[in-house]
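Student: I've got a model open and I'd like to learn how to read it. Where do we begin?

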Amino acid sequence: MGSLSGQAVIAGIGATEFSKDSGRSELRLAAEAVSAAIADAGLTPADVDGLVTFTMDTNSEISVARAVGIGDLTYFSRIHYGGGAACATVQQAAMAVATGVADVVVAYRAFNERSGLRFGQVNSAVANQENSSGTENAFTYPHGLSTPAAFVAMIAQRYMHDFGSTSEDFGRIAVVDRKHAAVNPDAFFYDKPITLEDHQNSRYIAEPLHLLDCCQESDGGVALVIVSPERAKDLPHKPAVIAAAAAGSAADQYIMTSYYRDELAGLPEMGLVGRQLWSQSGLRPDDMDMAILYDHFTPYTLLQLEELGFCGRGEAKDFVREPGALEVGGRLPLNTHGGQLGEAYIHGMNGIAEGVRQIRGTSVNQVESAEKVVVTAGTGVPTSGLVLTA
């Protein structure tokens with residue numbers, strides 16, 4: 001086992017409501033989520049000495065600390081690569097706690113991603129950045145590859161060609177996510193399930209991706225409190241043990257446009273993360289009671305099933321076609337909160353919170369005796385993952 005395994009736990013979770021127009025600043029959303037997580041952990045702002053977020057975040061650690069009433073900080077860090085950072089924020093927090101650099105670290109993410117800057121739309125500024133990412137984007141943006149959906153559509157087309165997967169296979173992910181969201185009062189699509197026919201009839205965004213293959217754009221915030229197992233003994237909730245925390249970037253990696261690899265239809269960085277997760281935790285895919293897989297676009301959920309070892313290459317289509325396989329009581333319950341397609345798109349942080357709820361036994365779609373949960377972060381970019389255990 002890796003030395004990080006079992007050295008830190010998630011003891012608190014907090015969130016704002018999820019909406020399409022929060023009506024308040026991103027800093028206020030962050031402060032609300034962080035404050036809620038600290039309270040959930042049975043702690044006070046004065047107990048917090050570390051903060052971790054994304055490089056993409058507009059909310060600096062010191063601004064959040066002032067807004068929440070946190071005093072001295074001994075640790076702060078940021079993770080790059082958009083949604084790929086989600087689980088890596090917990091990895092960074094766990095490393096700080098395990099090494100004694102900090103005692104109580106809060107990982108957070110908050111944004112107005114629907115009412116403010118919309119990540120799903122064309123943004124020419126991305127290709128005009130005066131940095132290496134701007135240079136790389138300049139190769140694709142002038143040719144119309146200028147949205148995340150378009151980037152993923154390229155891989156999805158090749159994946160369908162290579163392995164015989166269909167649009168309906170992708171749609172099965174959307175249907176199960178929305179089924180779970182429909183009974184989650186916190187989900188934006190609460191009480192709004194969809195059918196496979198609804199998915200197939202939704203308009204194309206970038207063929208083969210339909211509208212219902214694409215995650216939401218959401219306003220909101222989520223925060224997680226990470227402490228040592230010893231500290232958690234005095235706190236009110238059953239902790240989610242961080243049995244493994246990994247990040248990875250594979251060879252010839254770009255940001256969602258890794259089109260120059262020998263095999264186009266894969267996510268080798270998730271395979272790299274998966275191998276670390278199983279090695280660190282001493283567990284295997286078959287040991288998992290459920291999975292929270294980053295579902296910004298449905299095809300990448302199928303690829304993750306393969307890269308993580310839940311099935312062989314090209315076999316995810318058969319996995320998802322199995323009736324009830326992804327539902328509570330099935331082979332691998334998936335995204336029981338509704339995922340980013342059904343609950344909200346908070347860059348994957350809401351998925352980690354759901355993993356904690358499953359370990360606690362408080363999910364609205366509770367998996368019986370859920371003691372081992374794998375959670376992943378954004379794909380198509382350098383990515384990260386967690387194994388949480390009871």
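Tutor: Let's begin at one side chain, using contacts, meaning heavy atoms within 4.5 Å. Leaving aside neighbours within four places in sequence, F310 is in contact with P285, M288, L305, F319, R331, L332 and V374. Keep in mind that this is a predicted model: local features need pLDDT of at least 70, side-chain atom pairs count only at pLDDT 80 or more, and totals for chains, interfaces and linings use all residues. Residues are numbered from 1 along each chain as its sequence is written, and side-chain values use heavy atoms, with hydrogens and water left out.

Student: Which residues touch the most other members of the largest nonpolar core?

Tutor: The general idea first: a nonpolar core is a set of buried Ala, Val, Leu, Ile, Met, Phe, Trp, Tyr and Cys residues joined through side-chain atoms within 4.5 Å. Buried means under 20% relative accessible area, exposed over 50%, and partly exposed in between, with a 1.4 Å probe and protein chains only. Here the largest core holds 54 residues, and L277, M288, L305, F310, V374 and V387 touch the most other members. Two or more residues each come from α5, α6, β8 (240–248), α9 (268–281), α10 and α11, with α5 giving the largest share, 9 residues. There is also a second, separate core of 47 residues, which includes I10, I346, V373 and V375.

Student: How many helices and strands does the chain have?

Tutor: They are DSSP runs, helices being H or I of at least four residues and strands E of at least two, numbered from the N terminus. This chain has 13 helices and 11 strands. Its radius of gyration, taken over C-alpha atoms, is 19 Å, close to the 21 Å that the globule rule gives for 390 residues, so the chain is as compact as a globular protein of that length. That rule is 2.2 Å times the number of residues to the power 0.38. Buried residues make up 61% of the 390.

Student: How many disulfides does a search of the whole structure find?

Tutor: A disulfide is a pair of cysteine sulfur atoms within 2.5 Å, and the search finds 0. The sulfur of C215 is 7.3 Å from the closest cysteine sulfur, in C214, too far for a bond. C311 is in no disulfide either, with the nearest cysteine sulfur, that of C87, 19 Å away. C215 counts as buried at 18% relative accessibility, and C311 is buried at 12%.
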